Amino acid sequence: MKGKIFNIQKFSINDGEGIRTTVFFKGCPLRCKWCANPESQNRYMAISDAMENPLYSGREYTAQQVMDVVLQDKLFYEESHGGMTLSGGEPLQQADFAMELADLAHQNGIHVAAETTGFAPPAVFQRFMAHVDLFLMDVKHFDREAHKEGTGVYNDLILENLATLAASGRPVIARIPVIPHFNTGLKTAAGLADLLARVGVREVHLLPFHQLGENKYAQLQVEYQMAGFKQLPPEALGRYRQVFLDRGLHCSIR
């Protein structure tokens, strides 16, 4: 089996505990307007595949080829309680390969985290759950129509899989990108906090909006719809965070 990967990033410190190697999977069914990795979206894959830059087009690896890179830093994982993180794109777009890679990591004593939107058929998601030690679950909006407007898909599958994951008792952290004109209102924060409290997710990371992916849109020659938008100022982010704290959730700004 081979998987399509567009980056393997060493010394990641924001994708789970400790020092990690993050494996970026090609392909994502969402089309978030603020996406920092637009080359991973399904609608841009044909464009990026035609480009000569491997960062955009990606390349095919066997699980062992990926693991050969990951194992180069095993000592750092052991000393920092780190490991490997599956990211993207969306690892669930290549679920069988992701599970094979996770199993190979476990055989080598490496912790596996997955950053995922949870957008997959429930049967696929439930199989995937058993192969991952920590889920970094993207939760973008509680309202299905608003979610569709911002990401191109409804959140029904995502919320179903989130509830299943929380009920399973497997470690999960909700990661919320705080996006201007999408989910920055305090009423939206309250809706998200109520959702997470209801399903039993207790830890929340708020990810302030940034413009780090803007140059990729220029490379792909596609419109970047978030040009000129700014993240919430610190005091506003503090008020946003307080909504989650008031509901008894552990919430931090990353």
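## Cysteines and sheet of a predicted model

The sulfur of C32 lies 6.3 Å from the closest cysteine sulfur, that of C35, which is too far for a bond, where a disulfide is a pair of cysteine sulfur atoms within 2.5 Å. This is a predicted model, in which local features need pLDDT of at least 70 and side-chain atom pairs count only at pLDDT 80 or more, while totals for chains, interfaces and linings use all residues. Residues are numbered from 1 along each chain as its sequence is written, and side-chain values use heavy atoms, with hydrogens and water left out.

A disulfide is a covalent bond between the sulfur atoms of two cysteines. The structure holds zero disulfides, and for C28 the nearest cysteine sulfur, that of C32, is 6.4 Å away. The table gives relative accessible areas, for which buried means under 20%, exposed over 50% and partly exposed in between (1.4 Å probe, protein chains only).

| Residue | Relative accessible area | Class |
|---|---|---|
| C28 | 10% | buried |
| C32 | 8% | buried |

Nine strands form an open sheet of mixed pairing in the order 3-1-2-4-5-6-7-8-9; strands (E, at least two residues) and helices (H or I, at least four) are DSSP runs numbered from the N terminus, and two strands pair if DSSP finds at least two bridges between them. Strand 3 (59–62) and strand 9 (250–253) stand at the edges with a single partner strand each, so one side of each is left without a neighbour in the sheet. Strand 8 (residues 203–208) runs parallel to strand 9 and is joined to it by four bridges, and V204 has C251 in strand 9 as its bridge partner.
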